Amino acid sequence: MSTPEQSGSTTTVIQQAVNENTDKRDTRAFLKRQVQQSLAFGTLVVLLIFFSLASPNFFTFSNIASVLLSTAVIGILALGTTFVIITGGIDLSLGTGMALCSVMTGVFITNMGLPVWVGVIGGIATGVLMGLVNGVNVTFLRLPPFIATLAMMMIAGGLALVISGVAPIYFSTSAPDFKRIALGAIIPGIPNAVLITAVLAIIAFLVLSKTLLGRYTFAIGSNEEATRLSGVNTRRWTIFVYMFAGAFTGIAGVVIASRLDSAQPQIGTGYELQAIAAVIIGGTSLLGGRGSIIGTVIGALIMSVLVNGLSILSIQTEWRNIVVGVVVLLAVFLDSLRNRQRT
């Protein structure tokens, strides 16, 4: 049991962690955060200008819509995993987990003939279940997040192949309107997938900055032991964080299945790295305790613009991967520099 002195000091630690990331009263931290986000936003503007000058086909309405559409899936995955990374964890099961959620949506709708809304809920619930397993493995089995989610990545990838029979599950005959979830346009000219991403970004922003889950996410990432000693059940809240991130993985699975009008069991490979890269580029620290949803959105846009722009310039896939890898390396290096200054 913690002493009153311990409780007082640890409560202060939690409040400091919350203030540093969600309050404008800490002027220095607030300005520092704004500078980091401004740098990320400046990088995005520079990329837009560069690719617009390099190719007349880049800054067109259809291509910008394509960039936003391609940002949707990476963005949704990145929004969820922002919470996990702020706690000091990592989730490598994003990509294959998304594929499994996509396959389960196909199983519910096409194979079992259930209504579309049931299939959608089933796909999202699959993501939440994976988050629950990841959270339990990290908190109760004390597995490092890297190992726990690496194992889940392999399990989810295998299950997606086994359940689908290593073949796509198509929605065109069982649910012809399913593709409208992502490709329809409630607002003319803007795909629904973009609107879904925007709504989820607002929800994630409010949860991270205005709710108990957001406060404890920062507190656990800043000092988990102090948070636990102050009376917070860190195991339970860490599991909630992984489940919350899992829901985003499930939604990403539904969106990509709708966009492709099929559940592709092998599609998830590499998505986890792009999503994590977007989070880091947006200023969230790999060591935990610091991050923002706005930064993650900017980071996801940077990744999409970079990949799209290089593709329009006819840069070969292998060179695109090298460029993206270098960008991720630079982002992690800058994060390392920030952490050194912090300590």
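View 1. Following α11 comes Gly283, with a positive phi near 105 degrees. Helices here are DSSP runs (H or I, at least four residues), numbered from the N terminus. This is a predicted model: local features need pLDDT of at least 70 and side-chain atom pairs count only at pLDDT 80 or more, while totals for chains, interfaces and linings use all residues. Residues are numbered from 1 along each chain as its sequence is written, and side-chain values use heavy atoms, with hydrogens and water left out.

**View 2. Helix α11 (residues 271-281).** This helix is largely enclosed by the rest of the structure, because nine of its eleven residues are buried (under 20% relative accessible area, 1.4 Å probe, protein chains only). Among them are Tyr271, Glu272, Val279 and Ile281.

**View 3. Thr82 on helix α3.** Thr82 sits in helix α3 and counts as buried because its relative accessibility is 0%. A polar atom of its side chain lies 2.7 Å from the backbone oxygen of Ala78. Leaving aside residues up to four places away in sequence, Thr82 touches Val279, Thr284, Ser292, Ile293 and Thr296 (contact means heavy atoms within 4.5 Å).

**View 4. Val73 and the largest nonpolar core.** A nonpolar core is a set of buried Ala, Val, Leu, Ile, Met, Phe, Trp, Tyr and Cys residues joined through side-chain atoms within 4.5 Å. The largest has 64 residues, and Val73, Leu77 and Phe83 touch the most other members. Beyond four places in sequence, Val73 touches Met98, Ala252, Val255, Ile256, Arg259 and Tyr271.

Notes: Buried < 20%, exposed > 50% of the residue type's maximum accessible area, 1.4 Å probe, protein only. Helix = DSSP H or I, 4+ residues; strand = E, 2+ residues; numbered from the N terminus. Polar contact = N/O pair within 3.5 Å; in protein donor to acceptor, adjacent residues only side chain to side chain.
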